Amino acid sequence: MPTPPQAEVFTMFEVEYAGKKHLVTLSNVQRGHLGTDFVHCSFNKVSAKEKVVLSLPIHFVGDATGVKAGGLVNFNMHEVEVEGLPTDMPEFLEFDISSLELDASWSLEHFSLPRGITFAHDVTASIVSCHLPKVVVEPEVEETEMVVETHADAEAVEAKAEESEEKAS
């Protein structure tokens, strides 16, 4: 059984309603409590001739070269807003990070988009970086012996003190 489209993925298709075909996007899907039945679906009608601004998911592909040097990749964005005609929109954006080196940070301007699509986002914002992990060194705690007196110990000390006083008298 094929997996139904998820609400967060841009999907455009035609819906026939009242004898007319309409170009729509799926904007919201509500499922039953078991997650198998559809309870409600919301669609947005779009014009094939007007630009739209959509949030598309980013798929990062490739292994960053900085990882081989011990770095960790930090993904700052997982989706980005783009503008273009609905017919030019892909379902997702694929960004290759295989040449991302250690101590490097890439912004949106580092990546190219499909023809007809532009970023509707700040292109200077960092979306992925690779850095060495930060190591936090905790100071060593010096171990000391603690003597804990209990109530019974205090009574024994008092008894010994009384015996010493009696012998002295």
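Which strand is the place of Ser 129? Keep that in mind as you open this predicted model, and select residues 126-131: they form strand S10, and Ser 129 lies in that strand.

Now show the surroundings of Ser 129. Its relative accessible area is 6%, under the 20% limit, so Ser 129 counts as buried. Leaving aside residues up to four places away in sequence, Ser 129 touches Leu 72, Val 73, Asn 74, Asn 76, Leu 100, Ala 104 and Ser 105.

Centre on Val 82 for a closer look. Beyond residues up to four places away in sequence, its contacts include Val 52, Val 53, Leu 54 and Leu 56, along with Met 89, Leu 93 and Phe 119.

For the last stop, select residues 12-17, 20-31 and 38-45, which are strands S1, S2 and S3. These three strands make an open antiparallel sheet in the order S1-S2-S3. S1 and S3 are the edge strands with a single partner strand each, so one side of each has no neighbour in the sheet. On average, neighbouring strands here are turned by 55° against each other, direction ignored. Zoom in on S2 and S3, and you will find seven bridges joining them.

Terms used
Residues are numbered from 1 along each chain as its sequence is written. This is a predicted model: local features need pLDDT of at least 70, side-chain atom pairs count only at pLDDT 80 or more; totals for chains, interfaces and linings use all residues. Side-chain values use heavy atoms; hydrogens and water are left out. Two strands pair if DSSP finds at least two bridges between them. Helices (H or I, at least four residues) and strands (E, at least two) are DSSP runs, numbered from the N terminus. Axes are lines fitted to C-alpha atoms, for helices over the stretch in contact, and angles run from 0 to 180 degrees between N-to-C directions. Buried means under 20% relative accessible area, exposed over 50%, partly exposed in between (1.4 Å probe, protein chains only). Contact means heavy atoms within 4.5 Å.
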